[in-house]
Amino acid sequence: MRRNVYSPILENGVLDDLRSAQAEGAADPDWVDEYLFRGRDDDCIVLGEPVPRETLRTQVADRAAELRSAGLGPGGAISLRLPPSLAYVVNLLAAWRLGAQVSLLDHRLTQYEVDKVLTRIAPQFVVSAPGVSGRQPRTYADVDAVTAPYPGQPARTGHALLQLSSGSTGTPKIIGRTAADLVAEIDRYARIDGTPREGERIVLLASMVHVLGLVGGLLYGLHTGAQLVLPRSLTPDAVLDAVVSDSSPATVIGVPFHLRLLLTADAPAGGLPQLRRVTVAGEPTSPQARDAFADRYQVPLGNMYGMTEAGVIATDLSGQHYPALTPAPGMTLRAESGQLLLARPANPYVDAAPLEAAQAEAAPAVTERPAGWSDGWLRTGDAGLVDQATGLVTVLGRGDSQVSVGGLKVDLTEVEQTIAALPGIAEAVVVFDGSIVAFVMLAPGASQDTAAGLRAAMASRLAPYKLPRKVNVVAELPRTSSGKRVRNLSSLRAAAAGEPVQAERSPLTEESVSGVR
């Protein structure tokens, strides 16, 4: 077993400096050069073409000078609405290098959705790529980024990063992360056995706007010296091409939706000797998907549990503890009344009051929400168990997934997992709409007999009171922009009616939905 690799830069005081800056309400800009750019001078990113680290440094410095000339400086606030591209990476690092606060907006959001978020965040500048819709998921070698002023204000907090929660559980919250917190998460990744190391590759399928792709992919790769590779598109062939494009070991990182891409891909005749492991996060993988993966690929399928509020929390990168996970270094979890609580030193939620209220100083910058963070503990909203003997954590699903049917408690997560494990079923979403309703997607190659026999198959595994009153077979389940299944009833009904699935609209839905984040 490979020994854990620690980040020596942390021992040299960078983390202490960042925490001091955080205490003073500032975003320390030095961490970009001293921490993220500390890796060896090689091709650190592949976006269509390899990008040498020195080239990236130069572009970041040049872009920082342009943003400074436009009026962005220490304590400033800027929003990025850019697709996965070199422009995204350069603008992100340049703004941080100036000591500004960066908020990330998925480029697939509609203008209506963007306007709603900007009203809440109120930045001074917005960087976007006009004409790039993102309806066809792909990587852009580069885009023409346009910087426009916005009638906002300087950062109200010392957070380096503002992100939106996934939106799979309702209206997204605005979450703040300090530079010190991001560095601490990168260090956690470095201390987990099985994460990519210097000289290896990260084939990233998850969005760099969201925490898994941003920290576990981009920032961790820059710091550690693992090369970040973005496939040219999110298609099975493009993903496999990215894996075989180099002889160095490759780890594929994504969400269960991306696992389905690998399961439908035609593996090269010579196999995939470069593929070291596949790691998925966002939702638990089903036993059926794990079995299919094991039959097709002879590498570990790892699971990861995390939240936008904290980053990576627990992992099982070897797959040996499935479905349980080992808490990441420094992460403390406990179960209270069946819900998982995570120890966190500060409230991650940034006040989402409109700009007018902020200008009137009618609300504090960070608010205490009893249902979220209080007294040093973050309520994850996920049901789970913590084994006191081993410390292993098992995530059971959303804590609000229990409903009452005829006076009997039914766990919708249990029903959903049971249906998803049936032969011929690719995925399922189970919701409560006065009664239990299932939305089911058939596996590739499944016959109509599968759909016809679905109710009988469910009845053989579920008690009568747990059976869905209605079952809808859909061509595609709606998803958030990060690939998580949406449980919004209107979106699911549209999918059942055969209407086009708009994945880019789901992150900002106003209706209450539920799911494992």
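User: Which term describes how helix 4 and helix 5 lie to each other?

Analyst: Angles under 35 degrees count as roughly parallel, over 145 as roughly antiparallel, 65 to 115 as roughly perpendicular, and the rest as oblique. Helix 4 (residues 53-70) and helix 5 pack at about 60°, their axes being 8 Å apart, and the two are therefore oblique to each other. Axes are lines fitted to C-alpha atoms, for helices over the stretch in contact, and angles between N-to-C directions run from 0 to 180 degrees. This is a predicted model, in which local features need pLDDT of at least 70 and side-chain atom pairs pLDDT 80 or more, while totals for chains, interfaces and linings use all residues. Residues are numbered from 1 along each chain as its sequence is written, and side-chain values use heavy atoms, with hydrogens and water left out.

User: What is the handedness of the crossing of helix 4 and helix 5, and which residues make the contact?

Analyst: A crossing is left-handed if the near helix is turned anticlockwise from the far one by less than a right angle, and right-handed if clockwise. The crossing of helix 4 and helix 5 is right-handed. Contact means heavy atoms within 4.5 Å. Helix 4 contributes L56, Q59, V60, A61, R63, A64 and L67, and helix 5 contributes L86, V89, V90, N91, L93, A94, A95 and R97.

User: Is helix 5 mostly covered or mostly uncovered?

Analyst: Buried means under 20% relative accessible area, exposed over 50%, partly exposed in between (1.4 Å probe, protein chains only). Helix 5 is mostly covered, with 11 of its 12 residues buried; among them are Y88, L92 and W96. In the protein, 57% of the 517 residues count as buried.

User: What span should helix 5 have?

Analyst: The expected span is 1.5 Å times one less than the number of residues. Helix 5 (residues 86-97) should therefore span 16 Å, in agreement with its end C-alpha atoms, which are 16 Å apart. Just after helix 5, G99 takes a positive phi of about 85°.

User: In what order do the three strands of the open sheet lie?

Analyst: Helices (H or I, at least four residues) and strands (E, at least two) are DSSP runs numbered from the N terminus, and two strands pair if DSSP finds at least two bridges between them. The order is 23-24-25, with mixed pairing. Strand 23 (425-432) and strand 25 (470-473) are the edge strands, each pairing on one side only. From one strand to the next, the twist averages 20°. Strand 24 (residues 436-442) runs parallel to strand 25, joined by four bridges; A438 has V471 in strand 25 as its bridge partner. Helix 16 (residues 489-496) packs on the sheet, touching strand 23, strand 24 and strand 25, and its direction makes about 135° with that of strand 23.
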